[in-house]
Amino acid sequence: MPVGYNRRRGPARGPAGCPASPRCLLSNDSADPVHILGLCGSLRGPDSFTRRLLVLVMAELDALGACTDFLDLSEIALPMCKSTADTDDHPGKRDLVARAERAQGFVLATPEYHNSYSGVLKNALDLLSSEQLGDKMFGLIGIAGGDMGAVNALGHLRIVVRGVNGHVIPQQISLPSVYRQFDGDRLADERTAGRVRDFAAALALHTRRLAATLDDLA
Ligand SMILES: Cc1cc2nc3c(=O)[nH]c(=O)nc-3n(C[C@H](O)[C@H](O)[C@H](O)COP(=O)(O)O)c2cc1C
């Protein structure tokens, strides 16, 4: 058995370990739902397009029976990362670490900022480590004001996830010209909404497969 698989897996799984999703708490149709944490890397709160896209993805994951936890980084006071351990007592960091430990998969959501992802998301990831992120599945989504979309941000995030021993699914969502993409909180284009559904299904499937493989190896 490879060393470390048990240690890296999230602790409690299934309804008892998933306080965030009402559907999960009520669900009897899946004995072992996957637990997925969405991190919103914009600080603009309800006005944020990143947040709106993440809400849609998490709703699809919910509908697929996943336990979902939504963490808007504008709603949690996190310290700036200084070194590996010296902010461990900070309540915001403790909350972030606990929620990341519970998760088996992640959605990282970011705006494109100067051809990359946002600093607030980088700080949150720097406060975590492979202890919470390693051997877990990641899906990446991004939005951009410009026509080129968020492909640079998502490409850079792939490299970061590799740095914490995580696994990124090949599917990703990059919305260019984001001011034209939404009709209120809904996506204006049904094909884009279909891509969101496909992305969520792929992330749920890959997360379930990885969790099952780790269980088998344990
Ligand atoms: C500091 C900063 C840098 C940005 N850089 C880019 C960029 O490189 N490419 C782009 O298309 N849009 C860029 N934008 C526009 C944002 O992607 C756009 O405003 C987006 O809506 C912000 O995300 P939010 O709505 O989730 O807060 C930038 C915005 C800011 C504030």
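A residue counts as buried here if 20 or more other C-beta atoms, placed from the backbone, lie within 10 Å of its own; 12 or fewer make it exposed, and anything in between partly exposed. The model is a predicted one, so local features need pLDDT of at least 70 and side-chain atom pairs count only at pLDDT 80 or more, while totals for chains, interfaces and linings use all residues. Numbering starts from 1 along each chain as its sequence is written.

Of the 218 residues in the protein, 40% are buried. There are 8 helices and 7 strands, taken as DSSP runs (H or I, at least four residues, for helices; E, at least two, for strands) and numbered from the N terminus. As for contacts (C-beta atoms, placed from the backbone, within 7 Å), 78% of those between residues at least 6 apart in sequence join residues at least 24 apart.

Five strands make up an open sheet in the order E2-E1-E3-E4-E5, with parallel pairing; a pair here takes at least two DSSP bridges between the strands. Strands E2 (67-72) and E5 (167-175) sit at the edges, each pairing on one side only. From one strand to the next, the twist averages 15 degrees. E3 and E4 run parallel and are joined by 7 bridges, with Phe-106 opposite Phe-138 in E4. Helix H7 packs on the sheet, where it touches E3, E4 and E5, and its direction makes about 155 degrees with that of E4. Helix H8 (residues 190-217) also packs on the sheet, touching E1, E3, E4 and E5, at about 165 degrees to the direction of E5. These angles run from 0 to 180 degrees between N-to-C directions, with axes fitted to C-alpha atoms, for helices over the stretch in contact.

Gly-142 is buried because 33 other C-beta atoms lie within 10 Å. Leaving aside neighbours within four places in sequence, its contacts include Thr-110, Pro-111, Glu-112 and Tyr-117, along with Ala-150, Ala-153, Leu-154 and Ser-174. Cys-40 is 102 residues away along the chain, yet the two C-alpha atoms are separated by 9.9 Å.

Helix H5 (residues 119-127) has Leu-121, Ala-124, Leu-125 and Leu-127 buried. Seen down the axis of H5, the buried residues fall within an arc of 160 degrees, so they line one face of the helix; the arc is that of the directions from the helix axis to the C-beta atoms. Their cover includes strands E1 (35-40) and E3 (105-111), plus helices H4 (91-102) and H7 (151-163).

How values were computed
Contact = placed C-beta atoms within 7 Å.
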